[in-house]
Amino acid sequence: MRVLKRFITVAVLLLLIAPYAAVLADSHLPDLGGRTVTVATENSYPPFNFIEASGEARGWDYDTLGEICARLNCELEYIETGWEGMIVAVSNGEYDMAAGGITITDERKEIVAFSTGYIDVNQRMMVRIGEDRFADAEDFVSGDFVIAVQVATTNYIAAEDLVGEDRLVAFDSFGFAVQALIAGDVDAVVIDDVAGQGYVGINEEDIKLLPDILVTQELGFIYPLDSEIAGPIDAALESMMADGTLAAINAQWFPPAAADEMMLPDLDGRVITVAVENAYVPFNFINEETGEAEGWDYDALAEICGRLNCVPEYIEASWEGMIIAVSNGEYDMAADGITIKEERKELVAFSMGYVELSQRIMTRVGEARFASAAELSAGDFVVGVQVATTNYWTAVELVGEERIVGYDSFGFAVQALIAGDVDAVVMDDVAGQGYVGINAEDIKLLPDLLTDEELGFIFPLDSDLVEPFNAALASMVADGSLMALNNKWLGGGG
């Protein structure tokens, strides 16, 4: 079910998406024609959904869905539903969707469709104020302490992995679990970070969160597998990211002051070898005027190492062998706009996604033979693309391998397009905007969104850097520095 990496990450998948969402903001959102959307909600999961003393239902879910329906022309009908049967009920079509901090898992994807992940979150332990028998998860595990948790959640699974089922007490809602903790009936609660902060805010004299991050996961809305509203809601979310509305809602429900609780690891001056291509604008490239290496990756990693006390050592490497080289331990990590894919997770470990983007088609300014992906596909036009990328396989699906010309870098593909050697280039949206910015008189991007993907840093599978880097990224989201980087390099608005 849930896991919330602190408002900190709440901002992550939203703030991060804001950059290229600016492109989406100009597009026309679907009109649902006043359709009523039934939403299952638990109303006991602050700050996402809860009932105030006045009897009014409030929370992040209500504000966000209210804005979404204002943009899509729909009406919301909330139906209070027990968590335990919520996912199955949505799968059976009893509701159009559910909002309740629901963790995206492969098992759940077999019975429901998920929205774009809107929050990347952590599970943590909640304890009573003044607890002195244990100070962290390791101390807790070594004792005989008892954990409370809500049934049928990923928090339950995390707690079971931590101490075993014999030391668990399950409740129908987190509200009951928190009350049991305050009453002294249990010794701790495993809960999602942001929801935990919500309960601490209500009971700050009684409970607190320990700093340990047990598990990191991602949340989304859910729909029946054949839902017609999933796409429109994703489009509305992205438009809210683009114009700053979602950031404003986040600021209301996930106050930045909570970031001060976060303790970042100290890597003690460790040198981190980083593979970069230096040919992927705006993430990493060589400034032709100064000869200096620049880009989002350089600024982001400088900030991360400033927070973690490490030193990045950049090593220029070709894209084609980069993932294998990191997998083999030739580099500590790679930063190169790398799409998070299940197949790649067998070779490398990914950071949390720091950017969610779309693939698009780049053409020459003045191109009149085709104006969309469908028209490009229907003709006999030739597409340039960088080899060994997800863009390459998207292009194959679009026009077939025989109409593709592969290049060692996107820079070469773009130059081939400008020279008239190919008719189009398939590439990631943000990188495409970077190339258009440099060559605005020659090239443009078509509005079609071919795919939605998420980017992350990669590390060897046994790397001890993943958690520290995730923590640093999350802290950058919390204090706004990641948004500033996005605005600088990715054209972010809001």
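**Entry 1**

I looked up C310 and read a relative accessibility of 9%, so C310 counts as buried. Buried here means under 20% relative accessible area, exposed means over 50%, and partly exposed is in between, with a 1.4 Å probe and protein chains only. The model is predicted, so I kept its limits in mind: local features need pLDDT of at least 70, side-chain atom pairs count only at pLDDT 80 or more, and totals for chains, interfaces and linings use all residues. Residues are numbered from 1 along each chain as its sequence is written, and side-chain values use heavy atoms, with hydrogens and water left out.

C310 forms a disulfide with C305, and the two sulfur atoms are 2.1 Å apart. I used the rule that a disulfide is a pair of cysteine sulfur atoms within 2.5 Å. C305 is at 5% relative accessibility, so C305 counts as buried as well. The torsion about the S-S bond of C305 and C310 is about -100°, and therefore this disulfide is left-handed.

How many disulfides does the rule give? The count is two. The other one joins C69 to C74, with an S to S distance of 1.9 Å. I found -105° about the S-S bond of C69 and C74, a left-handed link. C69 and C74 are both buried. With the bonded cysteines numbered in sequence order, the pairing reads 1-2, 3-4.

I next looked at N309, in the loop between α11 (296–308) and β18 (310–316). Helices (H or I, at least four residues) and strands (E, at least two) are DSSP runs, numbered from the N terminus. N309 is not a glycine, yet its phi is positive, about 60°. Its relative accessible area is 36%, so N309 is partly exposed.

D268 is not a glycine either, and has a positive phi of about 55°. I found D268 in the loop between α10 (245–253) and β14. D268 has a relative accessible area of 66% and is therefore exposed. I noted these angles because most residues other than glycine have a negative phi, and most peptide bonds are trans.

**Entry 1: cis peptide bonds**

P47 lies in the loop between β2 and β3 (49–51). A cis peptide bond also joins V281 and P282, with omega about 5°. P282 is in the loop between β15 and β16.

I followed β15 and β16 into their sheet, which is open, has three strands in the order β15-β16-β17 and pairs antiparallel. Its edge strands are β15 (279–280) and β17 (293–294), each pairing on one side only. Two strands count as paired if DSSP finds at least two bridges between them. β15 and β16 (residues 284–286) run antiparallel and are joined by two bridges. Within this pair, A279 has F285 of β16 as its bridge partner.

**Entry 2: strand β19**

Is β19 mostly covered or uncovered? Strand β19 (residues 333–339) is mostly covered, with seven of its seven residues buried. I then checked its partners. β14 (residues 270–276) pairs with β19 in the parallel sense over two bridges, and A275 stands opposite A334 of β19. β26 (residues 451–460) runs antiparallel to β19, with three bridges between them. T339 has L455 in β26 as its bridge partner.

**Entry 3: E42**

I found E42 in the loop between β1 (35–41) and β2 (44–45). The side chains of E42 and Q150 are joined by a polar contact of 2.8 Å. A polar contact is a pair of N or O atoms within 3.5 Å; within protein, one must be able to donate a hydrogen and the other to accept it, and residues adjacent in sequence count only if both atoms are side-chain atoms.

**Entry 4: nonpolar cores**

A nonpolar core is a set of buried Ala, Val, Leu, Ile, Met, Phe, Trp, Tyr and Cys residues joined through side-chain atoms within 4.5 Å. The largest one has 69 residues, and those with the most contacts inside it are W296, I304, M362, L376, F457 and F469. I picked I304 and left aside its neighbours within four places in sequence; I304 is then in contact with F457, F469, A472, L473 and M476. Contact means heavy atoms within 4.5 Å. A second, separate core has 64 residues, including L32, V149, F174 and A195.
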